[in-house]
Amino acid sequence: MNHIEFFKRFPTENDAIDFIVSTKYKNGYVCPKCGCVHHKIYHQKYNHRYLYCNNCKSEFSALTGTIFEHTHLDLRMWLFALNLVLIARKGISGLQLQRELGMKSYKGAFRMLNLIRRAMGTESHKDTFEAIVEIDETYVGGKPRKENTHKGKATKKAKRGRGTNKTPVVGVVERSSGRIHAKVAFPNKEGKKLSGKQLLSVLNEVCKKNTTVMTDQLKSYGILDGKTDKNFYHIKIGHSAVYSLGDGKHTNTIESCWAILKRGVYGIYHHVSVKHLQEYVDEFCYRLNHRDVDEALTNLLGLGIENIAA
Ligand SMILES: [Zn+2]
């Protein structure tokens, strides 16, 4: 939605509340006090954010358990922020959001962004990827190592690829749908990055049994050549095979997702701290998985706003 469409759709805050509430309670609501089920939504007259029980006359906030629970901001600002995040292919920074919303504090804008990302991260793809998937890893974020810097300038060229100090992210893409699931992969207790077990657990989480898994030559993927609980079939892409795509043996789908992630990280965010990297990755995956912005927004309100303590 562009800005004009947005304000046509939500001319008043109550319109925004109606949209949020009707998405959240599309199957009706249960009074938290008496347990009475309501199929029609009754708003409290003096405060549209409150719902009303027709039976015991009690009232309660419609926004409990959502990312909007503790907000004093006009809810149109939240929907506007959600819309901005969803249409910005490379993402949007806290500073940009602060400017767009005319907010006084950067902290407030960053907190908003963080909650939106966490909501996006609640989407689950558990046991849904099937047929052919590609798995690959990439390295993002991180500043140069201390010992490699002198007065803030890197003295050694930072290592690239698998020898780097950046944080690995593992991603799986379902070939037929293009859906992506990605996880930040912290080193294990022994400090080993990207162990076979770690890679396998990412696959186990999202893939159905008997899925064909395309990988590159990273040694850890060797775990897929042994017996796996979900009976995965492993296709390892040779170096030269990358150039002969006719047979469908490639990991290009996931690699092009990494290109978008990296453009976002380096273009918009400059540095993503390791602490917030998973949230950023969740945001990026969510956008790739929901290309239609209207659907993305409704879906996000339906799923993501639950169970996130503000
Ligand atoms: Zn009641």
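# Reading helices, burial and phi

Colleague: Leucine 194 is found in the loop between β9 and α6. What phi does leucine 194 have?

Modeller: First, a reminder that this is a predicted model. Now the general idea: most residues other than glycine have a negative phi. Leucine 194 has a positive phi of about 50°, although it is not a glycine.

Colleague: Does leucine 194 count as buried, exposed or partly exposed, and why?

Modeller: Burial is read by counting C-beta atoms within 10 Å: 20 or more means buried, 12 or fewer means exposed, and anything in between is partly exposed. Leucine 194 counts as partly exposed because it has 19 C-beta neighbours inside 10 Å.

Colleague: Where does lysine 57 lie, and what is its phi?

Modeller: Lysine 57 lies in the loop between β3 (50–52) and β4 (59–61). Its phi is near 65°, again a positive value in a residue other than glycine. Lysine 57 has 10 C-beta neighbours inside 10 Å, so it counts as exposed.

Colleague: Let's step back to the whole protein. How many helices and strands are there?

Modeller: The protein has nine helices and eleven strands. Of its 310 residues, 30% are buried. Take the contacts between residues at least 6 apart in sequence: 61% of them join residues at least 24 apart.

Colleague: Which residues touch the most other members of the largest nonpolar core?

Modeller: That core has 65 residues, and Ala81, Leu82, Ile116, Ile135 and Leu203 touch the most other members. Helix α3 (residues 75–87) gives the most to this core, with eight residues.

Colleague: Pick one of those for me. What is isoleucine 135 in contact with, beyond four places in sequence?

Modeller: Isoleucine 135 is in contact with Val170, Val172, Leu199, Leu203, Val213, Thr215 and Ile254.

Colleague: Leu199 and Leu203 belong to α6. Which residues of α6 are buried?

Modeller: The general idea is that an α-helix has 3.6 residues a turn, so residues three or four places apart point the same way. In helix α6 (residues 196–206), the buried residues are Gln198, Leu199, Leu200, Leu203 and Val206. Their cover includes β5 (132–140), β8 (167–174), β9 (180–184) and β10 (212–215).

Colleague: Now for pairs of helices. How do α2 and α3 pack?

Modeller: Two packed helices are described by the angle between their axes and the distance between the axes. For helix α2 (residues 13–24) and α3, the angle is about 60° and the axes are 8 Å apart. That makes α2 oblique to α3. The crossing of α2 past α3 is left-handed. Glu13, Ala16, Ile17 and Ile20 in α2 meet Leu75, Arg76 and Leu79 in α3. By class, that contact has five nonpolar, no polar and two charged residues.

Colleague: What angle do α3 and α4 make?

Modeller: α3 and helix α4 (residues 94–101) pack at about 135°, with their axes 11 Å apart. They are therefore oblique to each other. Here α3 passes α4 in a right-handed crossing. On the α3 side are Met77, Phe80, Ala81 and Leu84, which meet Leu97, Glu100 and Leu101 in α4. The classes are six nonpolar, no polar and one charged.

Colleague: And how do the axes of α4 and α5 cross?

Modeller: The axes of α4 and helix α5 (residues 106–121) come within 8 Å and cross at roughly 110°. That makes α4 roughly perpendicular to α5. α4 contributes Gly94, Leu95, Leu97, Gln98 and Leu101, while α5 contributes Tyr106, Ala109, Phe110, Met112 and Leu113. The contact has eight nonpolar, two polar and no charged residues.

How values were computed. Residues are numbered from 1 along each chain as its sequence is written. This is a predicted model: local features need pLDDT of at least 70, side-chain atom pairs count only at pLDDT 80 or more; totals for chains, interfaces and linings use all residues. A nonpolar core is a set of buried Ala, Val, Leu, Ile, Met, Phe, Trp, Tyr and Cys residues joined through C-beta atoms within 7 Å. Helices (H or I, at least four residues) and strands (E, at least two) are DSSP runs, numbered from the N terminus. Two residues are in contact if their C-beta atoms, placed from the backbone, lie within 7 Å. Axes are lines fitted to C-alpha atoms, for helices over the stretch in contact, and angles run from 0 to 180 degrees between N-to-C directions. Angles under 35 degrees count as roughly parallel, over 145 as roughly antiparallel, 65 to 115 as roughly perpendicular and the rest as oblique. A crossing is left-handed if the near helix is turned anticlockwise from the far one by less than a right angle, and right-handed if clockwise. Ala, Val, Leu, Ile, Met, Phe, Trp, Tyr, Cys and Pro count as nonpolar, Asp, Glu, Lys and Arg as charged, and the others, Gly among them, as polar.
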